[in-house]
Amino acid sequence: MLTVTAQTIPDDPEFIGQAEASRIVEIRSQVTGIIKEFFYREGRDVKKGDRLYQIDPVPFKAAVASAKAMVAQAEARVVQATQHFARVKPLLAEQAVSQKDVDDAVAEDLAAKASLESAQGQLVKAQFDLGNTLIIAPISGLIERTRFYEGRLISAQTDLLTIIHQVDPMYVVGNAPESYLLQRRRELATKKVRRPDLYQLKGRLTFVDGTTYPHEGKLDFASVGLSTETGSRQGRFVFPNHDRVLLPGQFVKIRVTGYTRTGAILVPQRAVQQGPKGSVVYVVGAGDKVEIRAVQATSWQGTQWLIEEGLRVGERIVVDGMHRIAPGAPVKPVPAAENGPASVEKPTDTKTKSDL
């Protein structure tokens, strides 16, 4: 016999999740040109700043040289215009030149300075293009195979060269169905279940072969609403992945930890039997007589069933010897051992008494 008690236990829901890279960066060229060389080994790790591609720099070096020459010409024009204005301005007071001559000198000075600014802008653009002929990795991660090889003409900001996946840390995305969300909301409102702040929830992973991931993750994003396609709310956990065990696209089970259930009733597995209409237990009632009670056994907690409905704290249930009892029969209750099989005491009258 076991007396029903209420406990506070972890209440960890489990969902199907899928791993994905925490950052995915597409590598494209910012200039149009011919691929002269690519440097990385496909499918391997690259570090931020590593060289990936070299676009033929010769045309861009020529453009820089031309832009520098234009800047030099513009600077010479500015000097000439400034000097001319300095000469004609004092002559206006002596009426040696007309007002129009002075105005023309001012306009020429302004135009020369504007031309210099334009030439300097062209030089900046040419230097920027030349710098972008060497394409480097913007992040560290695993790099895919290249889409193009040496000799291929690629268009600026159009052709996708390759993709880098940042896999440390790694995201695992799971979806909680609406039915679960509604039930959990009711349980939280009635204080049947408690949890910390949403973003203090943790995650534990189990792989398809049953092995567990050694590192714990934490929730870092929950979608604002439900998906119109699946009717579920998405949650994203971030996990360390130094040893590259998690791979993008991998399916796992994610157990969300941090919830606790108060007033939980747990009974040993052997105490719950399957009747014609569902789960039942044998309850020792008044006069130590047995009755069959339908219960709602919802989930496993180790070797015990969590009973949602059908039992109350303080009631006594049979945990062993059910094959020797019948509804309405008197029994002699014997307390069950805390660990291992229930203790049994033989009845004084084997016709009317049963062991528990």
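**Note on the predicted chain**

1. Of the 356 residues in the protein chain, 36% are buried (under 20% relative accessible area, with a 1.4 Å probe and protein chains only). The model is predicted, with local features needing pLDDT of at least 70, side-chain atom pairs counted only at pLDDT 80 or more, and totals for chains, interfaces and linings using all residues. Residues are numbered from 1 along each chain as its sequence is written, and side-chain values use heavy atoms, without hydrogens and water.

2. The radius of gyration of the protein chain is 39 Å, whereas a compact globule of 356 residues would have one near 21 Å (taken over C-alpha atoms; the globule rule is 2.2 Å times the number of residues to the power 0.38). Along the principal axes, the C-alpha atoms fill a box of roughly 140 × 50 × 30 Å.

3. The protein chain holds 3 helices and 22 strands (DSSP runs, H or I of at least four residues and E of at least two, numbered from the N terminus). Among contacts between residues at least 6 apart in sequence, 71% join residues at least 24 apart; a contact means heavy atoms within 4.5 Å.

4. Helix α2 covers residues 99-131, and its 33 residues reach 48 Å from the first C-alpha to the last, close to the expected 48 Å at 1.5 Å a residue (1.5 Å times one less than the number of residues).

5. Which residues of α2 are buried? They are Val102, Ala105, Asp109, Ala112, Leu116, Ala119, Leu123, Ala126 and Asp129. An α-helix has 3.6 residues a turn, so residues three or four places apart point the same way. The buried residues of α2 pack against α1 (58-93).

Conventions. Buried < 20%, exposed > 50% of the residue type's maximum accessible area, 1.4 Å probe, protein only.
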